[in-house]
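This briefing goes through one structure, topic by topic. Keep the sequence and the 3D view open while reading.

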There are 2 protein chains.
Amino acid sequence: MLNETADRTIARPSGLAEEVYRRVRADIMSLKIPPDTRVSVDSLARELGVSQTPIREALSMLEANGLVSKRHFAGYATSPRMDRAQLDELFEFRLLIEPHAARKAAEAMADTDKAQLASGEAAPSHDAFADMDTEFHRLIAQGAGNHLIADSLARLHIHVHIFRSCFRSEITEEAVHEHDAIIAAIHARDGDKAEAAMRRHIERSYGRLRDFIKD
Amino acid sequence: MLNETADRTIARPSGLAEEVYRRVRADIMSLKIPPDTRVSVDSLARELGVSQTPIREALSMLEANGLVSKRHFAGYATSPRMDRAQLDELFEFRLLIEPHAARKAAEAMADTDKAQLASGEAAPSHDAFADMDTEFHRLIAQGAGNHLIADSLARLHIHVHIFRSCFRSEITEEAVHEHDAIIAAIHARDGDKAEAAMRRHIERSYGRLRDFIKD
DNA sequence: GGATCAAATATCCTATAGGATTTCCGAAAC
DNA sequence: GTTTCGGAAATCCTATAGGATATTTGATCC
């Protein structure tokens with residue numbers, strides 16, 4: 001095995017900045033870089049084996065997506081963990097979008113996409129369930145057939161994912177059942193039921209997450 | 001007048017990338033850089049008198065906001081003008097968010113902010129009306145007290161602004177009257193009326209803009 | 001013991017140079 | 001007239017060096 005560039009380097013010739021962006025985003029989502037932590041351009045450049053320019057571009061994109069913030073002449077840092085007010089705002093926004101998305105998905109989702117919906121019942125671990133949950137909501141958002149809806153929810157769910165991972169919340173039977181109800185409504189092409197089931201799911205999910213915040 | 005750095009250069013020591021971002025965004029919104037036009041890093045660097053690095057950062061942020069797109073080894077280009085499908089998606093999204101924002105603004109908006117609401121009746125020109133309209137919707141979104149709502153709508157209204165500017169649509173009496181109805185409802189703190197008035201305004205606005213698209 | 005101030009370090013920000021790739025333009029062939 | 005091919009130009013992408021700033025550490029003073 002003489003494979004030289006094996007460790008943590010990036011080689012693909014398809015845009016270094018994009019590759020760095022995905023990698024850092026993954027590190028933030030997996031809490032490998034915890035919230036409210038400084039992110040050094042130099043360190044990342046050395047660790048990933050690339051120059052500072054693509055790092056800088058990737059961090060600029062992450063900043064535009066709200067995952068890191070920049071202070072002039074002080075560098076980048078990951079956003080602090082959500083507080084109560086931010087959690088409230090996030091779920092208020094989700095309640096505006098996702099029930100509507102579920103309705104449209106029920107009415108117009110392609111059969112091939114519907115077949116991919118899984119409730120997460122078979123998830124073997126916390127991380128696996130988190131990934132399946134993210135994919136579940138992503139599929140429904142995509143099923144709504146509106147790119148703005150899909151993109152907005154993707155951005156939001158990243159923050160939900162981080163928040164949930166901070167507390168390693170358990171895989172509740174409730175969440176699985178709520179997912180199943182949504183899946184059933186979509187398969188039945190019942191827009192009203194899908195919208196109601198999604199609204200209920202988000203409200204319950206908010207209740208489960210809110211308990212983790214004391215301040 | 002011996003002011004040397006007067007032309008189109010940038011000097012403020014508060015983050016060059018941010019300054020470049022605002023400038024390029026303004027140029028795109030004013031159609032000084034039309035849709036579907038290539039944007040050269042070198043040219044911008046020479047024109048603004050700064051290095052390539054802040055240009056690159058600013059373009060990365062603009063890309064994350066959907067105003068330009070990048071192709072590997074081919075450079076940046078402004079997004080093409082919205083087609084019918086994108087316009088439909090945009091207004092579907094606005095109808096999900098803005099009526100709710102108007103309701104919350106009516107219920108909780110600060111008096112000092114309410115005093116700033118203007119229908120745009122006194123706008124002397126097309127550009128002035130466009131700016132007042134943007135500010136009108138921004139104030140209401142801010143009045144909803146949810147940063148996610150405010151940020152999402154700000155992003156969307158940029159595209160509305162560009163689309164409208166492409167056709168230099170007239171200042172309709174209708175739009176002013178619709179704005180007045182919203183303002184009246186907010187001053188009366190009537191959430192139901194504010195939500196209904198905003199929904200009606202967006203639906204009418206969609207009808208006025210849709211006529212410009214033939215394809 | 002706590003606070004204040006100054007120097008040292010680490011980091012960011014900017015600028016410039018060189019290699020790699022796409023695009024554009026013109027000529028030749030069909 | 002249309003298409004194809006080749007070369008030149010423009011552009012992007014990456015890497016490195018130097019100046020400027022914030023943060024940290026340590027010593028001194030109260």
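Through which surface do the copies, chain A and chain B, meet? The model is a predicted one. In it, 100% of the interface residues of chain A are also interface residues in chain B, so the copies meet through the same surface.

**How the two chains are related**

**Chain A as a whole**

- Chain A contains 9 helices and 3 strands.
- Read from the N terminus, its elements follow the order α-β-α-α-β-β-α-α-α-α-α-α.
- The C-alpha trace of chain A spans about 50 × 45 × 30 Å along its principal axes.
- Of the 215 residues in chain A, 33% are buried.
- Among contacts in chain A with a separation of 6 or more, 70% are between residues 24 or more positions apart.

**Around DNA strand C**

- DNA strand C has 18 residues around it, and the nearest are A:Ser40, A:Val41, A:Gly75, B:Leu16 and B:Ser51.
- By class, the surface near DNA strand C has 9 nonpolar, 7 polar and 2 charged residues.

**Around DNA strand D**

- DNA strand D is also surrounded by 18 residues, the closest being A:Leu16, A:Ser51, B:Ser40, B:Val41 and B:Gly75.
- Here chain A provides helix 1 (16-29) and helix 3 (52-64), and chain B provides helix 2 (41-48) and strand 3 (75-78), with at least two residues from each.
- The residues near DNA strand D divide into 9 nonpolar, 7 polar and 2 charged.

**Helix 4 of chain B**

- How many residues does helix 4 of chain B have? Helix 4 covers residues 84-108, which makes 25 residues.
- From the first C-alpha to the last, helix 4 of chain B reaches 36 Å, close to the 36 Å expected at 1.5 Å a residue.
- Where does helix 4 of chain B bend? The bend is at B:Leu95 and amounts to about 30°.
- A proline, B:Pro99, follows within four residues of that bend.
- As background, an α-helix has 3.6 residues a turn, so residues three or four places apart point the same way.

Technical notes: Residues are numbered from 1 along each chain as its sequence is written. Chains are lettered from A and ligands numbered from 1 in the order in which they are written. This is a predicted model: local features need pLDDT of at least 70, side-chain atom pairs count only at pLDDT 80 or more; totals for chains, interfaces and linings use all residues. The expected span of a helix is 1.5 Å times one less than its number of residues. The bend at a residue is the angle between axes fitted to the seven residues ending there and the seven starting there. A residue is near a molecule or strand if its C-beta atom, placed from the backbone, lies within 6 Å of it. Ala, Val, Leu, Ile, Met, Phe, Trp, Tyr, Cys and Pro count as nonpolar, Asp, Glu, Lys and Arg as charged, and the others, Gly among them, as polar. A residue is buried if 20 or more other C-beta atoms lie within 10 Å of its own, exposed if 12 or fewer, and partly exposed in between; C-beta atoms are placed from the backbone. Two residues are in contact if their C-beta atoms, placed from the backbone, lie within 7 Å.
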